[in-house]
Amino acid sequence: MVLHIAAEDSPSRLSFKFGASLKSCRHLLENAKRSHMEVVGVSFHVGTGCPDLQAYTQSIADARLVFEMGTELGHRMHILDLGGGFPGLEGAKVRFEEICSVINSALDLYFPEGCGVDILAELGRYYVTSAFTLAVSIIAKKEVLLDQPGREEESGSTPKTIVYHLGEGVYGIFNSVLFDNTCPTPILQKKSSMEQPLYSSSLWGPVVDGCDCIAEGLWLPQLHVGDWLVFENMGAYTVGMGSLLEGAQTCRVTYAMSRVAWEALRGQLLPAEQDEDTEGMCKPLSCGWEITDTLCVGPVFTPASIM
């Protein structure tokens, strides 16, 4: 059994909900020993997007104290789990490399090489965040006049904001808006010209709920029902967190590959005699534009209800 401790300096609510305080650890270890349960290590979870890197140092130091308690009571402690929540995108407030530097320094101090402890980490978010791109279409739109006396746009008309409803919302793929306080930024599938005017816009999900707001304060060109928006870095806690609320269907995952990658792999993986037979069956997929500077494009998933 591994004892999960609370990360004292972490802003994550999950840390305190599922972690034992340092003061209670000796009592728990003693009870485990009396119950003939072997505690073999310690785990903690600082949490996604933690801005304070010292939370990792403090948690590792606390784990060292728990290791000493367990060893003193006769437990054979040899596992340290650093938890997860590590950022998997370039624009994160705290870079993955910065977190690693702090963790490695703390490990050198409290769990030096050769101490006999196996170090684990849960890198799911780090690996899969950038692996998926979401394509979702606009299913409804409306223009809302802004009631601000004395303010007019350059054209002399009353200022307005455009509300777009998408086929997915915060109770499905965009749940990170609620849980991680993210602000998804869309990429337009249709390239707009520099001359097109921009309008104050907001993106909402399909549910009739005031909380189903994906993003506000955006400036976008005039879009229409049926237009597609693309969101990158949608691989972590998205498809698996989707719901069937109000009859929504699960997403369909489409694996896309650039033409360059397809040509390179086809020659290596397929025998020459099968190459012509598979030409009509296996073709590179297009996401609206060709990727030529990289070999691979991550999977694209689209809500089946809006296909």
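In strand β10, Trp-228 is the bridge partner of Ser-137. The model is predicted, so that local features need pLDDT of at least 70 and side-chain atom pairs count only at pLDDT 80 or more, while totals for chains, interfaces and linings use all residues. Residues are numbered from 1 along each chain as its sequence is written, and side-chain values use heavy atoms, with hydrogens and water left out.

**Strand pairing around β10**

Strands β5 (residues 133–145) and β10 (residues 228–231) pair in the antiparallel sense over 4 bridges. Strand β7 (residues 187–188) also pairs with β10 in the antiparallel sense, over 2 bridges. Here Leu-188 stands opposite Leu-229 of β10. Two strands are taken to pair if DSSP finds at least two bridges between them.

**Overall composition**

The protein has 8 helices and 12 strands; these are DSSP runs numbered from the N terminus, with helices being H or I of at least four residues and strands being E of at least two. Of the 307 residues in the protein, 40% are buried. Buried means under 20% relative accessible area, exposed over 50%, and partly exposed in between, with a 1.4 Å probe and protein chains only. Among contacts in the protein with a separation of 6 or more, 76% are between residues 24 or more positions apart, a contact being heavy atoms within 4.5 Å. The accessible surface of the protein comes to about 17,800 Å², and 55% of this belongs to carbon and sulfur atoms. Such areas come from the Shrake-Rupley method with a 1.4 Å probe; for residues, only the protein chains shown count as cover.

**Ser-43 and its surroundings**

Ser-43 lies in strand β2 (residues 41–43) and counts as buried because its relative accessibility is 9%. The side chains of Ser-43 and His-4 are joined by a polar contact of 2.9 Å. A polar contact is a pair of N or O atoms within 3.5 Å; within protein, one must be able to donate a hydrogen and the other to accept it, and residues adjacent in sequence count only if both atoms are side-chain atoms. With neighbours within four places in sequence left aside, Ser-43 is in contact with Val-2, Leu-3, His-4, Ile-5 and Asp-81.

**Helix α2**

Cys-25, Leu-29 and Ala-32 are buried in helix α2 (residues 22–34). They lie on the same side of α2, because they cover an arc of only 65° around the axis, as given by the directions from the helix axis to the C-beta atoms. An α-helix has 3.6 residues a turn, so residues three or four places apart point the same way. The buried residues of α2 pack against β1 (2–4) and α3 (54–72). Exposed Lys-23 and Arg-34 sit on the face of α2 turned away from its buried side. Just after α2, His-36 takes a positive phi of about 60°.

**Aromatic pairs**

Rings of Phe, Tyr and Trp (its six-membered ring) pair if their centres lie within 6.5 Å; planes under 30 degrees apart count as stacked, over 60 as edge-to-face and the rest as tilted. The count by this rule comes to 6 aromatic pairs. Two of the pairs are tabulated here.

| Pair | Centre to centre | Angle between planes | Class |
|---|---|---|---|
| Tyr-56 and Phe-86 | 6.2 Å | 20° | stacked |
| Tyr-126 and Tyr-127 | 5.3 Å | 65° | edge-to-face |

The pair of Tyr-56 in helix α3 and Phe-86 in the loop between β3 (79–81) and α4 (96–110) links distant parts of the chain, 30 residues apart. Tyr-56 and Phe-86 are both buried. Tyr-126 counts as partly exposed at 28% relative accessibility, whereas Tyr-127 counts as exposed at 58%. One aromatic cluster is formed by Tyr-56, Phe-86, Phe-96, Tyr-126 and Tyr-127.
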